[in-house]
Amino acid sequence: MSFSHDPKLSDICAKVKTGERLSFDDGVALFNTNDLNALGKLADSVRRQKHGRTTYFNVNRHFNPTNVCYVDCKFCGFFRTPRQPDAYTHNIEDSLRIAGQAVKEGATELHITGGLNTKLPFSYFTDLLSSLKKQYPQLHLKAFTMVELDHFARFYKMEDGDMLRQLIDAGLDSCPGGGAEIFREPTRSMICAHKCDAQRWLDLAGKVHAAGLKTNATMLYGHIESFEDRVDHMIRLRDQQDKSGGFQCFIPLAFYPPETQMSHLPGPTGVDSLKTMAVSRLMLDNFAHIKAYWVMLGKQLAQVALHFGANDVDGTITEGGELTESYSVESNNEVKMTKTELINLIEEAGFEAVERDTVYNRIEKVAIA
Ligand code: V47
């Protein structure tokens, strides 16, 4: 019996088996296949080669210091203008209280991203990092996307190197992967005209890597973008990884339409999300980790995604309130999971749950029955 009834998939399978790098056309063919099972099996074979049954998770908290933002992205339900009644900016005292609560619940990482708020001085961000680091030296501070770093450099008129040095001296440990959205034009300008362009995002990631810090990378899919846009996005990341090597993890983010300017769109189907996970694993041959972000995928689909190339699940987001991201497929249920629930989710899917720190050192191996 041949590997797939889709001849293109059989050809790509042969390339994957010999470790040959997949082309742009291969990526598009993978998205266009109707043989979901064969695609999943191929991605799973690569995942198992790299990680066996290990599925990583970390105990983290997402913290958004401010929701005030001028960027006006069409996919965002989070940002507010300064005059809106629910606009907020946390002061240092609040931030320390929130971080303290996270530490008490076992968090090893604080994931910090927020709006581009022109009312704040640069010292707000360095003070935030240094206060958090002073109070909770054990907490890894994964903070600020390439879009926020670009804003800091431009708005506060600083050289990239100087800006990064000040943030690192204040306590920055690594950077999250947001703000990448879709790199290719004209899609990027149609969904986030006021964000830095693809080349700037990639260049900044390279500079952060050169400064010795790891970063992640994301892709927002399931809105107006094409399969070609997605494959182009992955290849640009793969090329950058060849150059600077500091990406730890790729996170495909499933678009969640409610309360956004694209709320008329349906968002991705389950099949589309599984295909995207699998194609990410196959195209990004130089990324060690592919993350299933359950907050966007939903818990059930995140479990299936582990069979389609994902080897990491983010994260344990406990408690709601100010730490709950407002854009979430789970928001009608609960945007939180305890460590035990997350371990059960991974084990029920047939994998071995391993707690990691932010840079993928094992913290504790959890035995499965
Ligand atoms: O850049 C915004 C996305 C990102 C919506 O690095 C949306 O470990 C879906 O980057 N529907 C921020 N997605 C979150 C992010 C992230 C998440 C988890 C882990 C990591 C990591 C990074 O969220 C934004 C944007 O692409 N986003 N609005 C929405 N309506």
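This briefing covers a helix pair, a ligand site and a loop in one protein model. The model is predicted, so local features need pLDDT of at least 70 and side-chain atom pairs count only at pLDDT 80 or more, while totals for chains, interfaces and linings use all residues. Residues are numbered from 1 along each chain as its sequence is written, and side-chain values use heavy atoms, leaving out hydrogens and water.

**Helix pair**

- Helix α1 spans residues 7-17 and helix α3 spans residues 36-51. Helices are DSSP runs (H or I, at least four residues) and strands are E runs of at least two, numbered from the N terminus.
- The two helices pack at about 5°, with axes 11 Å apart. Axes are lines fitted to C-alpha atoms over the stretch in contact, and angles run from 0 to 180 degrees between N-to-C directions.
- α1 and α3 are therefore roughly parallel (angles under 35 degrees).
- L9, I12, C13, V16 and K17 of α1 meet A38, L39, L42, S45 and V46 of α3 (heavy atoms within 4.5 Å).
- This contact has eight nonpolar residues, one polar and one charged. Ala, Val, Leu, Ile, Met, Phe, Trp, Tyr, Cys and Pro count as nonpolar, Asp, Glu, Lys and Arg as charged, and the others, Gly among them, as polar.

**Ligand site**

- The ligand is surrounded by 24 residues (a heavy atom within 4 Å). The closest are F75, K142, G179, E181 and K291.
- By class, this shell holds 12 nonpolar, eight polar and four charged residues.
- A polar side-chain atom of N216 sits 3.0 Å from a ligand oxygen.
- A polar backbone atom of G177 is 2.8 Å from an oxygen of the ligand. A backbone N or O atom of Y256 is 2.8 Å from a ligand nitrogen.
- Alone, the ligand exposes 620 Å², and the protein buries 96% of that (Shrake-Rupley method, 1.4 Å probe).
- β5 (215-221), β6 (247-254) and β7 (289-293) each give two or more residues to the shell.

**Loop between α7 and α8**

- E181 lies in this loop. Its phi is near 50°, a positive value in a residue other than glycine.
- P186 lies in the loop between α7 (160-170) and α8 (187-192). A cis peptide bond joins E185 and P186, with omega about 5°.

Definitions and conventions: Parallel < 35°, antiparallel > 145°, perpendicular 65-115°, else oblique. Polar contact = N/O pair within 3.5 Å; in protein donor to acceptor, adjacent residues only side chain to side chain.
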